[in-house]
Amino acid sequence: MRKVFKVTGIVIGIILVLIVGAVAYISAFLPNVGDAPDLKIVSTPEKVERGRYLANHVMVCVDCHSTRDWNYFAGPMKRDSIGKGGERFDHTMGFPGVIYSPNITPAGIGDWTDGEIFRAITTGVRKNGKPIFPVMPYHNYGMADPEDIEAIICYLRELDPIDYKTPESTYDFPVNFLVNTMPQKASFTKRPDTSDVVEYGRYLVNAASCGDCHTPFENGKYKMELQFAGGRSFDFPAGVVTSVNLTPDDETGIGLWTKEVFLDKFRVYRDSAFAHRPVNIMKEYTSLMPWEVYAGMTDSDLGAIYEYLKSLKPIKNEVVRFVERSQK
């Protein structure tokens, strides 16, 4: 019996050494995506305008890095806060900690090189080598065309500087260690020609990270067998909001939608009065979807997204969009 205890103790000791070693390695040597590229982008008005379009309406960087006004439906941005950061992502949204978006105006990243910003957007590693939690979808941005990333950087350089220091993000155990393993090297693609509507739509859907909110997310993982089929839930004061099915299933998705119906879902938010209609978030349904910013996409880009979504395999997945707190 004494021998059994001795062997058990040795085994436990080895396991502990391995765990400590793994934690030490993760803490000291990860993330490891390589150095920031030696990059000096030559800005042009065309690049700035392309970056403005992408950052405001496709990749919607400004949505998370600005202040959303939840006094109105779907929380449209406060225009005087563009890029200042400070938006909070916490347990109510399914995140393992309290995460704040950083200041991406020149007051926040003005001393970063173009290469350091490029690495952060596409791999999730900050100037100081620390990881970014993938609430920012850098895994998607790392599959974009490098020219589009460069355009965004040109636009960020042109933002009005806002002197604002965001709080430090904190992560629950063991994510405070595992976050170091999350950044990864980019796998860039070339932006497809707009004439290849479905492939161009695929590119836009990835850049817009539609799948991040329209795929169920449980126990820290996406249920990829239900990709784009809706079902990710978000906790709001008035109740739980769940994303809808974007696959072309006739009964539970967008299978019966025409392109015009799809486009009109966005077009109405180009009307400022409609986009800024008041809502009592404590008592009424609202949406996490940043309708106003996505509505700024051109009809042709929205149409390409529609064509790509219609090309997907239909998945039957009926979701309840909103469950009031009193019904839970």
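This is a predicted model: local features need pLDDT of at least 70, side-chain atom pairs count only at pLDDT 80 or more; totals for chains, interfaces and linings use all residues.
Local features need pLDDT of at least 70, side-chain atom pairs count only at pLDDT 80 or more, and totals for chains, interfaces and linings use all residues. Residues are numbered from 1 along each chain as its sequence is written, and side-chain values use heavy atoms, leaving out hydrogens and water.

Ser233 lies in strand β6, residues 233-236. Strands here are DSSP runs of E with at least two residues, numbered from the N terminus. The relative accessible area of Ser233 is 38%, which makes Ser233 partly exposed, the class between buried (under 20%) and exposed (over 50%), with a 1.4 Å probe and protein chains only.

Beyond its neighbours within four places in sequence, Ser233 is in contact (heavy atoms within 4.5 Å) with Val240, Val241 and Thr242. With Thr242, the side chain of Ser233 forms a polar contact of 2.9 Å. Such a contact is a pair of N or O atoms within 3.5 Å; within protein, one must be able to donate a hydrogen and the other to accept it, and residues adjacent in sequence count only if both atoms are side-chain atoms.

Strand β6 belongs to an open sheet of three strands, ordered β6-β7-β8 with antiparallel pairing. Two strands pair if DSSP finds at least two bridges between them. β6 and β8 (322-324) are the edge strands, each with a single partner, so one side of each has no neighbour in the sheet. β7, residues 239-242, pairs with β8 in the antiparallel sense over three bridges. Val241 stands opposite Phe322 in β8.

Notes. Helices (H or I, at least four residues) and strands (E, at least two) are DSSP runs, numbered from the N terminus.
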